[in-house]
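User: Please take a close look at one part of this model. I would like the sheet and the salt bridges treated together, with the reasoning spelled out.

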Amino acid sequence: MSAFAKTDYGTYTVLIIDDDPLVLKMIARQMSTRGFRTAISEDGENGFRQAKSVRPDLILLDVSMPRIDGFETCRRLKQDEDTRDIPVIFLTGMTSPEDIIRGFEVGGVDYVTKPSWREELFARVETHLEIRHLQTQLEKANRRLEQRVSERTADLEALNKNLRTEIGERRRAEEALERHREHLRELVRERTAELRDEIRAHKQDKERLRWELKVNSALAELSTALITPGLGITEITDVVLKHARNLTNSDHGYVSSIDPDTKDNVDHTLTGMMGKSCIVESKDKKIAFPVGPDGRYPGLWGHALNTREAFYTNSPDTHEMSRGIPPGHIPLGNFLSVPVLLGEELVGQIALANAENGYTDENLEAVTRLAALYAMDLQRCRYEDALRKSETRYRTLVEATPYGIVETDISGIRTFVNRSYLRITGYDKEEVTGKPVWSLLTPDSERERVKNYFPKLVREQPHGYSLTGKMKKKEGSIIDAQIDLGYKRDEQDQVTGVISVITDITEKEQRKAAFELEMSRAKEIYDRILEPRLPVMTDMAISVKCMPAELVGGDVFEVLKRGENRLLIFLADVTGHGIPAAMTANVLKMLFNEIAETTADPAAICEYLNRKVSRITSPDDAVSVFCGEIDPEAMTLTYYHSGLPSPLILRDHELIRLKPTGLPICFMDDLIAGCKCVPIRKNDMLIAFTDGITEAISQDGRLFGYRGAEELIGKIMPNVHDAVEHLVKKATLFQQKDTFQDDVILFAVRLSDEEEKTSATGWSRFCGPDKFLFKIKTKSVNIDETVSLFINHVAEKAEVPYERLKRLKIAFSEILTNAVEHGNLEMSALKNVPVFLDSERYRQVFRERSQSDRYGEKLIRMECLHRGDYLEISVEDDGPGFDPQAVPDPKENTLRMSGRGIHLAKMNADRVVYNSKGNRATLLYRL
């Protein structure tokens, strides 16, 4: 086993010298990854000094560097006593044999071409470090042996003086030493033989490199030919044949293509293989090797075409597919054939004959690589032919299309219009050609806007531009038009003109306006249906989030307070989404509120809803339902569950999955609903959701699924707001878009512990598409947390600059503080006394009132509405209200404490509006 082991990498230092910082960084990181210690230098002189000071075990040296190149640096290293024995591997982009040989002449032990493959670099570094390691070990062994010989000789001399009778023992020792030396010489001979093998392999690598350079040179020239405009198939095949013959030293050959219609093998080149019988008078004439009646190509030349595999034979007469040669054909000493393939399709052939020294595997590989490039050119020729045909079809389509087509120069002047454009506008061709494209737009302001924007169009809209506008016809009527602009480009990809497609969308716009009006009314109704009553319970926190897939949806939710502290929950998912589902959802919610006034039994409620709703739904419709009653006194949850993803109870990070109890509503006329009753505990959180979450799909087609939701819920924090938002956020990130393909409603309720902070419960929250509603008891209000909750919601739903967001935060904080202190806690009289305001007594009264039933049970209702281009944020309290007009301006009397909050709110919002009672303040905030 070699004494060099991969575990020893950390003991070796590699010096890397290269003037390219990126190459230095990349190679150093690769070396470090394998465990090597590295040193780096960006030029030869500094690298030489570092080599003398660091004494690396190996140097990786770039050839092309400023000041002194790699060859000169290596020469200096080999002339210096301290560095001459350090092996140097050249890193070079030069591939000529002369440069490589020069590298070995100045003392390099190897070379690696850039960019190099990492495994090749490591393999060569390991090889030369091993050689270096063995040389070092050999030198150490020699020194130890010489020392031992010196010591033994001294001992023998001493013994010779005193014990001449022991000459025989000394002779035996000398004989043992000679055997040891012979063993060492044998080791040296073995290692010398290994080095000879390595040198032989190195020479073979050099030969392979020369061959690869020759092949790459041919491929490079062929690649240039392929992308040269104007070269036809004949010129390309001449280039392919020239390089194929040069690489293989072949006397003859041909390059052909397969006729896609007849499947004949059409030869485009001639080298005199068939003598006088194959004379072609014209350059445009070709020879066709026909396919047989069985669809196969005959003889030796057709073998590769039939098998789709390249081959060569240096004994063509004995090959199994040989059928002899026709009269006048040159004798075949050897033969090579490569099929040209585009994927699985046969498109051509490269055939060669009579190589000087016969064909080899290297020849076959090189011609195969040429065939791959030739296949790309055949594909290009096909595309060009198809393009010529498509141009003819394009001209026909342009005139036949019902859309108006207008071509203009870069300044916007019409140079071409089709018949449909003339039909749409009513003008003659002479009346519009040569006029600017915006001349028919109306009103004047729109015409001026397009005229001024046209010079900037290409720069600001590099991929085209679409707009809708109004155009005036020749007879005076006005039409709505959709105008789609694209660009005409030259061969250098420079824009030379603009192509416009004009569509008369007058009727479409009218239908669209009517539809948008209907959808707007439907959305107003749906938003009112969607919002639950949202009770506020002392021992509970409630959070609801609704996200319809369209403007309106088919999921519905309601939560009602029953008695003093019981909670009735209803969550349903109607088949489908959009207006039909929303209509059924509307009926469901009205019927639920009606039956909930007489019973809180989930089974009775669902049986009632099934009887009523079955009459108005189609046979294919179904309604998945969760209906449950939470009783905090009995600590039970009684529920009916069918069709929806199973609701979950989160208890100290333990998940309890609620089992289904029956069938969906409307599945059968005589539904018999059964309930389950499960015990609950303080701090339990109930989470229920419709299948819009679980059916979220990632970009690569994976389903988020119930298990994905379940795993997330097991990790969430106990705050119900964070639980709902966390689940929606993760599902959104999973599918990489903000909207879901189906309606989504999430609901979470948590029972509080008596020892908990009061801010954890006593509130309810609803988040709809354009509305955020938050109700909280005064005793549970934390001003900072509530302000952050609302501001975070605004930041997520609308793009608001940071500075304006800070102003909104100040305004909202002030009206919320006023609602708590002046409204529900009625602290106005106390705040007007400056001395009392800053005293501990004031803070004590504040705490006492906050936790009392008289003041602390009062509600604060906060609402954020998205009104298109502005926000409407309101805060309402249960206090007696006040007259905002009667509040003095604090700027006029700085000693008075009242009015400061209102003044700050007005300074930082676009507008502040109060209701007539004065207990509801609304901030209007432009986006």
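**A sheet and its salt bridges**

Analyst: β14 and β15 (residues 465-472) run antiparallel and are joined by two bridges. Threonine 442 has lysine 470 of β15 as its bridge partner. Note that the model is predicted.

Now widen the view to the sheet. Six strands form an open sheet with antiparallel pairing, in the order β13-β12-β17-β16-β15-β14. β13 (414-417) and β14 (441-442) stand at the edges. Each has a single partner strand, so one side of each lacks a neighbour in the sheet.

Lysine 474 sits in the loop between β15 and β16 (478-489), whereas glutamate 431 belongs to helix α11 (residues 429-432), so the pair ties together parts that are 43 residues apart in sequence. Lysine 474 is partly exposed, with a relative accessible area of 43%. Glutamate 431 is also partly exposed, at 31%.

Other salt bridges give some context. The structure holds 38 of them. One joins glutamate 126 and arginine 34, whose closest N and O atoms are 3.7 Å apart. Glutamate 126 lies in helix α5 (residues 118-162) and arginine 34 in the loop between α1 (21-33) and β2 (37-41), so this pair links parts that are 92 residues apart in sequence. The cut-off for buried is under 20% relative accessible area. Glutamate 126, at 17%, is therefore buried. Arginine 34, at 28%, counts as partly exposed.

Another pair is aspartate 684 with arginine 651, at 2.8 Å from N to O. Aspartate 684 lies in the loop between β25 (676-679) and β26 (685-689), and arginine 651 in strand β23 (residues 648-651), so the pair ties together parts that are 33 residues apart in sequence. Both aspartate 684 and arginine 651 are buried. Salt bridges with shared partners also join Lys771, Arg861, Glu863, Glu876, Asp878 and Arg920 into one network.

Last, the whole chain. There are 26 helices and 33 strands. Of the 927 residues, 46% are buried. Among contacts between residues at least 6 apart in sequence, 63% join residues at least 24 apart. The chain exposes about 48,900 Å², and carbon and sulfur atoms supply 51% of that area.

Terms used:
Residues numbered from 1 in each chain as written. Predicted model: local features only at pLDDT ≥ 70, side-chain atom pairs only at ≥ 80, totals over all residues. Heavy atoms only, no water. Pairing = 2+ DSSP bridges. Helix = DSSP H or I, 4+ residues; strand = E, 2+ residues; numbered from the N terminus. Buried < 20%, exposed > 50% of the residue type's maximum accessible area, 1.4 Å probe, protein only. Contact = heavy atoms within 4.5 Å. Areas by Shrake-Rupley, 256 points an atom, 1.4 Å probe, with all protein chains shown as cover. Salt bridge = Lys/Arg side-chain N within 4 Å of Asp/Glu carboxyl O.
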